Amino acid sequence: MKNSVLVSIVILCFSIFSATVAILYWIDPVAISTEIPGYNPDSELELTAYGTQLVKIKKLSMQDAPKAVERLGDLDSKFRVKQTPIQRAYHLLILRNAAKQNKDTELFEKYTQELSSLARKHQLHWLKAQLLVDKAVEYARHGEVPKGMITIKQAIHIAEKNHALFLLPRAYNTAGFLSNASNQLVDAQQYFLRGIEVADQLSATLYNSKLHNNLGLLYVLIENWDKALEYILQARTLYLASGSNEPSVMQIFYLNEAYVYRSKGNAKLAEQAYLNSLKYYDEAKTQPRNRLLNLKGLADIKLLTKHNQAAKQAAQACVALPSAEQFPYEYGQCFLVLSRVELAMGEYQAALKSVDRAIDMFSSVEHSRWLIRADRQKAKVYSALGDYQRALAMFETYYQQEKKQLLSKVVDLENAFAMRQIRQRVEILDMQNKLKASQLQKETLRFEVVSIWSAFSLAMLIFFIRKVFIVKKKNQELETLSFVDSLTGLNNRRYYHHQLDNGENVLCECKYRIVLFDVDDFKAVNDTHGHDVGDEVLIAMANRMIPLIHHGELLTRWGGEEFLALLLDDENIIERIESIRAAISNEKFTTQVGELCITSSVGVSIAGTTQQILDNDMFFRKADNNLYEAKRTGKNNVVFPTAVQELLVAPIIENTYRK
């Protein structure tokens, strides 16, 4: 029996190797693609009639939510199938889009929470990434740039890791917008260009147009009006080619075009671009942010054409719009244009009051470039009031600051673009050289393969047979070396991270606390008695702790004299941790130099699920901080999070994962 298995293995190996040689001999190596295909749940759903209709209805829900919900009901009545996790996800996404369009916040949050739970339960990584992108977009719209950057980077990491390319154009576009808002123009440019590359690969013309528009806005910031106009016009062309029906997108493109023409002083073209934007503006259906942009654009045009009273009415309507404060960038700009109008009309005190409101809004989101523009406007108002000393001081300070900032960004942005082009040329030349070299070597390769075939095939067969017999043993040895601390026999921190990520020996739905144990005065033990005695103490300490760890919990040697336990958060957690500490300190340690009194200090984190602990290092930092507090307050004690800390932090964590 064993001989027949061995013969089968040899024959299989010989066949595989023969096929490999044939491929090497007959197929051009440069024609083989190593590109990893992107994942899109649409493709998986379209394998069934029900899934195909779900994909179509989801796309419809982006434009016409009531009709999409109606068709979804008809579809469910017709098929009555037990939904797969992906089908359920699309079902909820359609309802969530409808709730958003209907401005039903409570229902929107309910569907978001259900989607988040579905993503965690069924490991739908693309869905987790999509929800993070949606969340980052909301942060961006409301000026919460730091939170937005953290969230969008998490989304991009998950999407790239799982090859969810269909999410990346929107994710890169959002990351670029947020980088722009934080004055990181080079980072913003790189995100937009990466987004354009992926959008070209996927033929995602709609997001390609949005990425070109935002790339144009970078050049608006450095006042390169011609370059800005070039990208904005490309964005409009791409959008029309996409066949999409999102009027608000075209409205924004035309408003941006009007802004560029206004900045160039071309009143006629600026007014024409604004009038074109109105073709895509429906007061009854548009979102509050688009209303703000429309009113600000109208005020800009009326001020440029010296219709000051009309400009004032538009600007006042802009700042009085309900919910305007939810959009601090646009709201601040409305106050800024109102101040400019009031200054032009000689209403200097009102202009000063309006510009101060603008400064407050830009300060709240730490937008340095708009703050500079607002302060420059304030300097003009001081000058008009006759307060020349203040006006001169502000002009000098902010003029220099603005020029320094903009000039550095111009250089950075242009250099980054030039370097990118150079790198692309080098990569193309390098690839061309490789192709030529491959063609030259092809005939030589074929001859060499045939010449060494007999000897090499024999060596491969011997190697393969040997590998079959030792691979299982080797894998076990490698796993032990990788996950086990050689001194204490406990698992190590690599095993801890592996368990958090894979959840093989922990309970993913339960809450845990990180508990850090650190041997008190361990350095003194090593210095006085030597490292061999120190090793004995660590081994004995591990042996005392092991019996006190329950099923579904972890005990690892974290490093040095520090141990990490991941304990289930139940009603006995305080007593359990105290009992572990007491087990260490109540009985002396027997060593080769005699008995030693050993104690440990303990720091405990707040409670969280394994996924929360994996995603957020706040849990470990809290345990570490409490460990140091235990050391500071006398050692041989346990420091838990305070009740106030538990109450403050827990809702933040839960809210983060719910969204």
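**Close-up views of a predicted model**

The protein has 28 helices and nine strands. The model shown is predicted. Of its 659 residues, 44% count as buried. Among contacts between residues at least 6 apart in sequence, 67% join residues at least 24 apart.

**View 1. Ser277 lies in helix α14.**
The helix spans residues 267–278. Ser277 has a relative accessible area of 0%, under the 20% cut-off, and therefore counts as buried. A polar atom of the Ser277 side chain lies 2.5 Å from the backbone oxygen of Tyr274. Apart from neighbours within four places in sequence, Ser277 is in contact with Gln251, Tyr254 and Leu255.

**View 2. The second largest pocket has a volume of about 550 Å³.**
This pocket is lined by 19 residues, and those closest to its centre are Tyr259, Arg262, Arg340, Arg373 and Arg376. Four helices each supply at least two residues of the lining: α13 (247–263), α15 (288–304), α17 (328–344) and α19 (368–385). Sorted by class, the lining of the second largest pocket consists of nine charged, seven nonpolar and three polar residues.

**View 3. Tyr239 and Phe253 form one of the eleven aromatic pairs in the structure.**
A pair of aromatic rings is described by the distance of the centres and the angle of the planes. For Tyr239 and Phe253, the ring centres are 6.3 Å apart and the planes stand at 90°. The pair is edge-to-face because its angle is over 60 degrees.

Tyr331 and Phe335 are both buried. Helix α17 is also one of the helices that supply at least two residues of the lining of the second largest pocket.

**View 4. Tyr90, Trp126 and Phe166 make up an aromatic cluster.**
What links the three residues Tyr90, Trp126 and Phe166? They are joined into the cluster by ring pairs.

**View 5. Asp76 lies in helix α4.**
Helix α4 covers residues 65–79. Asp76 has a relative accessibility of 25%, which lies between the limits of 20% and 50%, so this residue counts as partly exposed. Which residues does Asp76 touch, not counting those up to four places away in sequence? They are Tyr50, Gln83 and His91. Asp76 and Tyr50 are 26 residues apart in sequence, and the distance between their C-alpha atoms is 8.8 Å.

Methods: Residues are numbered from 1 along each chain as its sequence is written. This is a predicted model: local features need pLDDT of at least 70, side-chain atom pairs count only at pLDDT 80 or more; totals for chains, interfaces and linings use all residues. Side-chain values use heavy atoms; hydrogens and water are left out. Buried means under 20% relative accessible area, exposed over 50%, partly exposed in between (1.4 Å probe, protein chains only). A polar contact is a pair of N or O atoms within 3.5 Å; within protein, one must be able to donate a hydrogen and the other to accept it, and residues adjacent in sequence count only if both atoms are side-chain atoms. Contact means heavy atoms within 4.5 Å. On a 1 Å grid over the protein atoms alone, a cavity is a set of points where a 1.4 Å probe fits but cannot get out, and a pocket is an open set with protein on both sides within 12 Å along at least five of seven lines; lining residues have an atom within 4 Å of a point. Grid points are joined across faces, edges and corners, and a volume is the space filled by probe spheres set on the points. Ala, Val, Leu, Ile, Met, Phe, Trp, Tyr, Cys and Pro count as nonpolar, Asp, Glu, Lys and Arg as charged, and the others, Gly among them, as polar. Rings of Phe, Tyr and Trp (its six-membered ring) pair if their centres lie within 6.5 Å; planes under 30 degrees apart count as stacked, over 60 as edge-to-face and the rest as tilted.
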